[in-house]
Amino acid sequence: MEDDPDADALLERAGFDPEKSVLTRRQAEVLALRERNVRQSTIADLLGTSRANVSSIESSARDNVAKARETVAFAEALTAPVRVEVDEETDLYNVPKLVYDACDAAGVKVNHTAPDLMKLVSDEAGEAVQGREIQAPLLVGVTTDGTVRVRQSASKST
């Protein structure tokens, strides 16, 4: 932990631009300090507010970061050159072949082995995968650089 944390200097070094961020300046300050293990009570003293307010600001900031990540994942899935719709009741073990075949057809390389791809799909799909069975329709997108994004989908497109 820094002896005298300077939120402004931290934000400047990290390139924070409030015009381009989903975070308010205060949220960015709190996150920057918390990521350097500065206690909430210390941050409250630095910012002239209460520890409870710092806790609330931190919680809102982390929610905003999670929403921003979700938005990016959604946008990448929409624009990915490879989009594989996986029906419910599909065996998880069949998903890598579906993805590899679609990637081969599009000329996109996937940087995952079949076991790694199954784990990634299972982890990112959450409760939509139970054991080896897909419980809800999924959209697996693969970007041009081979990044795999998994989204639950409401239903097959018509």
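Biologist: What makes the largest nonpolar core a core, and which residues have the most contacts inside it?

Modeller: A nonpolar core is a set of buried Ala, Val, Leu, Ile, Met, Phe, Trp, Tyr and Cys residues joined through side-chain atoms within 4.5 Å. The largest one here has 23 residues, and those with the most contacts inside it are Val 99, Val 121, Leu 138, Val 140, Val 142, Val 148 and Val 150. S1, helix H5 (95–106), H6, S4 and S5 each supply at least two residues of this core. H6 gives the largest share, five residues. A second, separate core of 17 residues includes Leu 33, Val 38, Ile 43 and Ala 61.

Biologist: Before we go on, what should I keep in mind about the model and its numbering?

Modeller: This is a predicted model, where local features need pLDDT of at least 70 and side-chain atom pairs count only at pLDDT 80 or more, while totals for chains, interfaces and linings use all residues. Residues are numbered from 1 along each chain as its sequence is written, and side-chain values use heavy atoms, with hydrogens and water left out.

Biologist: Good to know! Why is Arg 151 called buried?

Modeller: Buried means under 20% relative accessible area, exposed over 50%, and partly exposed in between (1.4 Å probe, protein chains only). Arg 151 has a relative accessible area of 16%, so this residue counts as buried. Arg 151 is found in strand S5.

Biologist: And why is Glu 127 called exposed?

Modeller: Glu 127 has a relative accessible area of 70%, so the residue falls in the exposed class. Glu 127 is in the loop between H6 and strand S2 (129–130).

Biologist: What makes the link between Arg 151 and Glu 70 a polar contact?

Modeller: A polar contact is a pair of N or O atoms within 3.5 Å; within protein, one must be able to donate a hydrogen and the other to accept it, and residues adjacent in sequence count only if both atoms are side-chain atoms. The side chains of Arg 151 and Glu 70 are joined at 2.5 Å, a polar contact.

Biologist: Which residues does Val 148 have in contact, leaving aside its neighbours within four places in sequence?

Modeller: Contact means heavy atoms within 4.5 Å. The residues that Val 148 meets are Val 110, His 112, Leu 117, Leu 120, Glu 124, Val 140, Gly 141 and Val 142.

Biologist: Why is helix H2 (residues 25–34) said to be largely enclosed by the rest of the structure?

Modeller: Helices (H or I, at least four residues) and strands (E, at least two) are DSSP runs, numbered from the N terminus. Seven of the 10 residues of H2 are buried, so the helix is largely enclosed. Among them are Ala 28, Val 30 and Leu 33. The buried residues of H2 pack against helix H1 (7–14), helix H3 (40–47) and helix H4 (51–79).

Biologist: What joins S1 to strand S4 (residues 138–142)?

Modeller: Two strands pair if DSSP finds at least two bridges between them. S1 and S4 have five bridges, so they meet that definition, and these two strands run antiparallel. Val 82 has Val 142 of S4 as its bridge partner.

Biologist: In what order do the three strands of the open sheet come, and which are the edge strands?

Modeller: The order is S1-S4-S5, with antiparallel pairing. Strand S1 (82–86) and strand S5 (148–152) are the edge strands, as each pairs on one side only.
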